[in-house]
Amino acid sequence: MALRGICVLELAGLAPGPFCGMILADFGAQVVRVDRPGASGDVSHLSRGKRSLVLDLKRPRGAAVLRRMCARADVLLEPFRSGVMEQLKLGPEILQGENPKLIYARLSGFGQSGRFSRVAGHDINYLALSGVLSKIGRSGENPYPPLNLLADFGGGGLMCALGIMMALFERTRSGKGQVIDANMVEGTAYLSSFLWKTQELWTQPRGQNILDGGAPFYTTYKTADGEFMAVGAIEPQFYQLLLKGLGLQSDELPHQMSMMDWPEMKKKFADVFAKKTKAEWCQIFDGTDACVTPVLTFEEVVHHDHNKERGSFITGEEQDVSPRPAPLLSNTPAIPSSKRDPFVGEHSKEILKEFGFSQEEIDQLNSDKIIETNKPKAGSKFWILHPNIATFRR
């Protein structure tokens with residue numbers, strides 16, 4: 001796989017960090033998740049392909065263990081607020097001083113500097129500060145976040161993974177690692193570059209523009225059975241195919257781009273869509289360029305013909321279904337692990353042995369509770385009923 005031989009130490013955190021680490025693991029990196037003592041596990045459930053080491057970084061000997069591991073690692077991924085790693089004496093100056101090739105990836109909410117760098121936040125806060133949240137929502141309603149996908153996973157985890165890949169590539173030329181300041185605010189703002197470069201498309205209030213649900217040809221409609229269809233017929237030729245499928249005549253409607261008539265047109269389209277079921281509309285529009293598709297549920301998406309033909313979803317050994325890693329690489333595709341996620345501390349001893357610790361050292365660390373080992377019993381199940389919030393907030 002593309003990242004075969006790359007060793008990543010992922011300090012356990014919330015959603016963005018685990019997602020970043022899972023991307024690297026899916027494409028072949030050896031990812032060790034460094035968990036806190038007493039942790040219940042990865043509450044984000046994004047530990048596919050990783051192994052778990054429990055290490056108490058708040059104790060000097062625990063921090064010393066991580067320093068020793070970083071001397072052999074390629075990447076350190078840390079998800080804490082600015083200053084936390086320095087307090088633990090694990091800042092980049094120390095770790096890169098001992099291993100100049102180390103790529104030190106810092107994934108935070110607000111970045112390593114600035115007045116917000118040491119305050120708590122979540123996806124909605126990062127989305128708000130990036131400016132993007134102000135653009136999302138229906139006309140006359142409050143802005144609302146699209147789940148926690150944009151800031152946590154797009155601007156955060158995915159951007160951090162991109163930064164790590166670029167740093168790994170640059171290291172092949174310079175032989176040196178570097179520090180990556182990845183944060184959700186700036187990552188999300190960068191994702192919105194198109195919005196900044198196309199201000200002429202966003203002259204109307206939120207929810208009244210072409211691409212934010214204002215246009216009758218770029219929105220969703222409810223069907224007769226209470227399901228939904230998505231319409232994205234922007235270009236004139238696609239719009240004509242939409243009208244044909246709906247049984248409407250263009251000469252009986254206002255011009256497509258007559259914004260003052262959009263509310264009336266949306267009502268007319270809604271009335272037509274409400275007369276047939278989702279399955280009936282699929283029969284009409286499937287295979288056409290009208291840009292009309294069904295809004296699939298998680299249950300439906302796995303069984304959709306297109307997704308089945310491409311193998312877009314995979315099943316783990318516990319019959320859990322998830323999306324296949326993307327993008328597809330022709331020569332070195334991702335081969336995601338089908339095994340269950342690791343238990344907290346399941347691999348503590350074997351990981352330390354691989355990093356050069358002697359059996360005597362490992363036993364002493366275990367005895368002193370610097371590390372923890374938790375081997376699951378045969379046939380046991382692990383349930384997270386009340387996940388604990390991370391001690392170090394991102």
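Me: Of the 394 residues of the protein, what share counts as buried, and what makes a residue buried?

Reply: The share is 45% of the 394 residues. A residue is buried when its relative accessible area is under 20%, exposed when it is over 50%, and partly exposed in between, using a 1.4 Å probe and protein chains only. Keep in mind that this is a predicted model, where local features need pLDDT of at least 70 and side-chain atom pairs pLDDT 80 or more, while totals for chains, interfaces and linings use all residues. Residues are numbered from 1 along each chain as its sequence is written, and side-chain values use heavy atoms, leaving out hydrogens and water.

Me: How many helices and strands are there, and what span does the C-alpha trace have?

Reply: There are 15 helices and 12 strands; these are DSSP runs numbered from the N terminus, with H or I and at least four residues for helices, E and at least two for strands. The C-alpha trace spans about 85 × 50 × 45 Å along its principal axes.

Me: What part of the contacts in the protein joins residues 24 or more positions apart?

Reply: Among contacts with a separation of 6 or more, the part is 67%. Contact here means heavy atoms within 4.5 Å. Ser250 gives us an example: setting aside neighbours within four places in sequence, its contacts are Gln240 and Leu243.

Me: Where is Ser250, and why is it called partly exposed?

Reply: Ser250 sits in the loop between α9 (236-246) and α10 (262-273). Its relative accessible area is 36%, and that value lies between the 20% and 50% limits, so Ser250 is partly exposed.

Me: Why does Leu147 count as exposed?

Reply: Leu147 reaches 65% relative accessibility, which is over 50%, so the label is exposed. You will find Leu147 in the loop between α5 (123-130) and α6 (149-174). Its phi is near 55°, a positive value in a residue other than glycine.

Me: What makes a positive phi worth a mention?

Reply: Most residues other than glycine have a negative phi, and most peptide bonds are trans. Lys369 also has a positive phi, about 60°, although it is not a glycine. Lys369 lies in the loop between α15 (359-367) and β12 (371-372), and its relative accessibility of 60% is over the 50% limit, so Lys369 counts as exposed.

Me: Which residues does a cis peptide bond join, and what is omega there?

Reply: The cis bond joins Ala326 and Pro327, with omega about 0°. Pro327 belongs to the loop between β11 (321-323) and α14 (348-354).

Me: How do you know that Arg48 and Asp26 form a salt bridge?

Reply: The rule asks for a side-chain nitrogen of Lys or Arg within 4 Å of a carboxyl oxygen of Asp or Glu. The closest N and O atoms of Arg48 and Asp26 are 2.7 Å apart, so the pair passes. It links distant parts of the chain, 22 residues apart: Arg48 is in the loop between β2 (30-35) and β3 (51-55), and Asp26 is in helix α1 (residues 16-26). At 10% relative accessibility Arg48 is buried, and at 3% Asp26 is buried as well, because both values are under 20%.

Me: How many salt bridges does this rule give?

Reply: The count is 15. Among them is the bridge between the side chains of Arg33 and Asp35, at 2.8 Å from N to O; both of these residues are buried.

Me: What makes Glu350 and Arg51 a salt bridge, and which parts does the pair tie together?

Reply: Glu350 lies in helix α14 and Arg51 in strand β3, so the pair ties together parts 299 residues apart in sequence. Through shared partners, salt bridges join Arg51, Glu350 and Glu354 into one network. Glu350 has a relative accessible area of 34%, so it is partly exposed.

Me: Where are the mean positions of the charges relative to each other?

Reply: The mean positions of the 46 positive and 45 negative charges are 6 Å apart. Lys and Arg count as positive, Asp and Glu as negative, with His and the chain ends not counted; each charge is placed at NZ of Lys, CZ of Arg, CG of Asp or CD of Glu.
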